[in-house]
Amino acid sequence: MLHHDLHCHSNVSDGTLTPTELVARAAAREVKVLALTDHDDVAGLAEAAQAAAQHGIEFINGVEISVSWRSHTVHIVGLRIDPLNPALVEGLRGIRSGRRHRAELMAESLAGAGIGGVLAGALRYPSNPDMIGRTHFARYLVEAGQCKDVKSVFNRYLVKGKPGYVPHEWGNLQEAISWINGSGGIAVLAHPGRYTAGRKAMGKTTLLELLKEFTDSGGRGIEVVSGSHTPPQFAEFARYAREFGLLCSCGSDFHGPDESYRDLGRLPDFPLDCQPVWNHWKTVA
Ligand code: AMP
Ligand code: MN
Ligand code: MN
Ligand code: MN
């Protein structure tokens, strides 16, 4: 069992727990090293770091940056970033800035499918309205009785080809990696297994092209053990890590007690030949 959880969300983005509650839950679940990786925002890191110090957990400043690559949305996790780095702060602000307008278009699309009044309902969920995203819409659609849970919402709505989906231009891959590297962090390709699943997903060849471009642009790691991967995918992405010389990361991608594929911590071990990302920072410390 791994005692590191290097990917999770608080209510600063689309998690349900405050940073303090999240850290307390991680501590209760035997996490020893925790990274908070909210989408496109670092506003929860100071609070989480303080809570982690109280619980005796090693805390890592993180972020998960939304990127548009070709026709796909890809997520890049930054670990050990400096949350005060001006280029990173400014870059994240730019990425967040389009969320409100996108939400208006999502609500229009749902209204066109006969579901009205969603924007006002969804806006009650994020702690910061500028962070409004698909998860908040999903929670409201459950509340409104359209679906039984958040997972079922994503089967019927909000994804490519379904009502409520609005294509969006996020950050640029090279830029996101350079903000992370420039702030002293390590860029990690988040949950690669999610890019090859579902409608209009990437083929394997395209995923390999993404890995090449990511590595050539200064990306250093890949999530091997992720809450959204199956055990065969742990082995598959460990192989890619070896092939591309990438460090291996792990994280639950926890969003909340009732919503996530996997709770905080207690992740299964890496396949045997993985180089954990934390070996790297032990040597640079
Ligand atoms: P956004 O950044 O607004 O596009 O929202 C993306 C978020 O939606 C992800 O970080 C997940 O939290 C959530 N999400 C996307 N697809 C699914 C899915 N199939 N099931 C559950 N949650 C999902
Ligand atoms: Mn999310
Ligand atoms: Mn993600
Ligand atoms: Mn995530």
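How many of the 10 residues of helix α6 (residues 134-143) are buried?

Modeller: First, the ground rules. This is a predicted model, in which local features need pLDDT of at least 70, side-chain atom pairs count only at pLDDT 80 or more, and totals for chains, interfaces and linings use all residues. Residues are numbered from 1 along each chain as its sequence is written, chains are lettered from A and ligands numbered from 1 in the order in which they are written, and side-chain values use heavy atoms, without hydrogens or water.

Now helix α6. Of its 10 residues, 7 are buried, so α6 is largely enclosed by the rest of the structure. Buried means under 20% relative accessible area, exposed means over 50%, and partly exposed is in between (1.4 Å probe, protein chains only). Helices are DSSP runs (H or I, at least four residues), strands likewise (E, at least two), and both are numbered from the N terminus.

The buried residues of α6 are T135, H136, F137, A138, R139, Y140 and L141. Their cover includes α4 (99-112), α5 (118-122) and α7 (150-156). Cover here rests on contacts, meaning heavy atoms within 4.5 Å.

Next, step off the helix. Just after α6, G145 takes a positive phi of about 85 degrees. Further on, D149 sits in the loop between α6 and α7. D149 counts as partly exposed, because its relative accessibility is 30%. Its C-alpha atom is 9.2 Å from that of D258, a residue 109 positions away along the chain.

The chain has 11 helices and 7 strands. Of its 285 residues, 55% count as buried. A compact globule with 285 residues would have a radius of gyration near 19 Å; the chain has 18 Å, which agrees. That radius is taken over C-alpha atoms, and the globule rule is 2.2 Å times the number of residues to the power 0.38. The C-alpha atoms fill a box of roughly 55 × 45 × 35 Å along the principal axes. Among contacts between residues at least 6 apart in sequence, 72% join residues at least 24 apart.

The manganese ion (ligand 4) is coordinated by H7 (NE2), H9 (NE2), E64 (OE) and D253 (OD), at 2.1 to 2.2 Å. Donors are N, O and S atoms within 2.8 Å of the metal (3.2 Å for Na, K and Ca); water is not among the atoms, so sites may look incomplete. Along the chain, the spacing is H-x1-H-x54-E-x188-D. E64 lies in strand β3 (residues 58-69) and D253 in the loop between β7 (247-251) and α11 (277-284), so the pair ties together parts 189 residues apart in sequence. Both E64 and D253 are buried.

The manganese ion (ligand 3) is coordinated by E64 (OE), H75 (ND1) and H191 (NE2), at 2.1 to 2.2 Å. Here the donors follow the spacing E-x10-H-x115-H. The pair of E64 in β3 and H191, in the loop between β5 (186-189) and α9 (204-216), links parts 127 residues apart. E64 has a relative accessible area of 0%. H191, at 2%, also counts as buried.
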